[in-house]
Structures are given as structure tokens and as C-alpha cells.
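Hello,

Here is the structure I promised to pass on. My notes follow below it.

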Amino acid sequence: PVGCGDITVWTGGAGTENWADTDNWSTGAVPGPGDIVQLTRGNVFLDADAVVYALYQVSEDSAPDTLTIDGGAVFTLGTPAAFEKVEAVKTIRTDVVKVGDGEIFFPCTEPCPGSNVPPWVNGHWILDQATVRGTEVLVNLGEITVVPGGNVLFDISIENVAEPGLPGGEMLIQGVAIAAHDVLNAGNLVISATGSLSVAGMFTNAADGVVDLAGDLTGSGAF
């Protein structure tokens with residue numbers, strides 16, 4: 001399919017953090033629906049709608065790099081496709097994705113050959129006024145934070161999973177979070193005194209799941 005193996009690398013050559021600056025990209029053009037985007041250094045700011053095939057981050061140092069989505073922008077990953085040549089990683093594998101006011105959308109289209117895993121988080125998502133939407137299951141192997149005062153809609157099923165011996169599978173809800181579908185917690189779910197999680201589907205806490213509840217956990221589904 002279109003996009004598999006086509007890589008557009010963020011170089012930061014324009015000297016700005018602006019996604020829309022063509023000189024910041026290895027191809028001299030802003031990535032589009034057929035491109036796998038690789039972020040390798042520095043911070044990137046996106047404040048207009050964008051569609052790419054997949055997103056992968058290969059940090060060149062130990063400092064966390066941040067992709068910030070704001071200004072009501074909708075960031076669409078045109079397929080939940082694996083980046084097969086690097087650990088078969090799916091869609092977003094970034095140090096930090098910060099959504100101030102915007103949306104991340106995972107449409108369900110044909111993946112690259114051999115891909116059989118859902119969209120996943122393997123980094124730290126920091127969500128404020130955000131929507132995360134898709135037709136599959138979002139697997140959190142990293143960390144998702146809903147900040148104090150935040151209002152976040154997860155219009156996608158969520159699996160919060162801690163891998164044995166590895167950090168991750170952490171969800172920290174400090175604001176208002178609404179899960180429109182099922183939530184499976186097999187990691188660590190913390191709802192602070194300022195936070196609330198409302199689940200419209202089924203909430204399941206697995207045998208190895210931990211819930212630290214100081215705020216509200218409610219829903220119309222089965223608990």
C-alpha cells in the first residue's frame with residue numbers, strides 16, 4: 001500500500017519548530033497522507049490539520065522531544081500501519097505528544113503487510129482539551145496524562161497495559177476524561193482528587209491492574 005517505507009524525516013533545517021515549514025523536512029515538503037514521518041530531534045509544533053501515513057520517533061539523545069498539537073488541529077494517522085523495519089511499531093511512538101486543543105484520529109484502513117497490532121502509545125501523551133478518536137483499540141504501553149482542568153474525550157476503546165519488567169501502562173487522570181467505549185486496565189490507573197473518568201462501555205480491571213482512586217470513576221457500563 002501507499003506509504004509503506006516512504007520516510008519523511010524532520011531535520012529542523014528551517015530553524016523553527018513549525019510543522020508547516022517545508023525546510024524542516026528532508027524532502028523539502030510538508031508530509032502528506034502517503035508519508036511515514038520520522039521525528040529525530042527537537043520539538044515540533046502543529047496548529048493546522050495534517051494527515052500522514054504513520055509517525056515514528058527515533059530520539060538522537062536522552063532529552064525528551066515533544067510533538068505539540070494545538071489550535072484545534074486534527075492530526076490524522078492515515079492508517080494504523082506498522083513501521084515494519086523498526087520493531088513493527090505502530091503509529092505513534094514518540095517521546096512526548098502534547099495536545100493542548102486538538103484531536104488525534106486513527107482511521108481504520110489497510111495496514112502495511114504483516115501488521116496485526118492496533119494503534120499504541122509508547123511514549124508520554126499529555127492531553128488538555130483533546131479528542132482521541134478511532135475505530136480500533138488504543139493500547140497504552142507508555143504514559144497518558146489528562147492534565148488538571150483538562151477535558152478529554154477518548155472516542156476509542158482503551159487497553160492500559162504494563163509490560164513485565166518495563167515502565168509504562170500508566171494513566172494519570174487529573175482532569176475530566178470521558179471514555180466512549182470499553183476500558184481495560186492491566187497497568188496503573190490513577191484518578192486524582194481533581195480527576196474523573198466516565199466510562200460509557202465496560203470497565204475491566206485485570207488481575208494485574210491497579211486503580212488508585214481519589215477522584216471519580218463512573219459509567220453506564222459494567223464495572
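Glu103 is buried, because its relative accessible area is 14% and buried means under 20% (exposed is over 50%, partly exposed in between, with a 1.4 Å probe and protein chains only). Arg133 counts as partly exposed, at 29% relative accessibility. These two residues form a salt bridge, with the closest N and O atoms 2.5 Å apart. The term means a side-chain nitrogen of Lys or Arg within 4 Å of a carboxyl oxygen of Asp or Glu. The pair links distant parts of the chain: Glu103 sits in strand β10 (residues 96-106) and Arg133 in strand β12 (residues 124-140), 30 residues apart. A search of the whole structure finds one salt bridge.

Before the rest, the ground rules. This is a predicted model, where local features need pLDDT of at least 70, side-chain atom pairs count only at pLDDT 80 or more, and totals for chains, interfaces and linings use all residues. Residues are numbered from 1 along each chain as its sequence is written, and side-chain values use heavy atoms, with hydrogens and water left out. Strands are DSSP runs (E, at least two residues), numbered from the N terminus.

Next, the core. The largest nonpolar core has 41 residues. Such a core is a set of buried Ala, Val, Leu, Ile, Met, Phe, Trp, Tyr and Cys residues joined through side-chain atoms within 4.5 Å. Trp19, Ile69, Phe75, Trp125, Leu127 and Phe154 touch the most other members. Strand β13 (residues 143-161) gives the most to this core, with six residues. Ile69 has contacts (heavy atoms within 4.5 Å) beyond four places in sequence with residues including Leu46, Phe75, Val97, Val99 and Ile104.

Then Thr8, in strand β1. Thr8 is buried, at 2% relative accessible area. Leaving aside neighbours within four places in sequence, Thr8 is in contact with Trp25, Ser26, Thr27, Ala29, Pro31, Asp35, Ile36, Val37 and Gln38.

Last, Thr16. This residue is in the loop between β1 (7-10) and β2 (36-39). Thr16 is partly exposed, with a relative accessible area of 33%. Not counting residues up to four places away in sequence, Thr16 touches Trp10, Asp21 and Asn24. The side chains of Thr16 and Asp21 are joined by a polar contact of 2.5 Å. That term covers N or O atoms within 3.5 Å; within protein, one must be able to donate a hydrogen and the other to accept it, and residues adjacent in sequence count only if both atoms are side-chain atoms.

Best wishes

Technical notes
Helix = DSSP H or I, 4+ residues; strand = E, 2+ residues; numbered from the N terminus.
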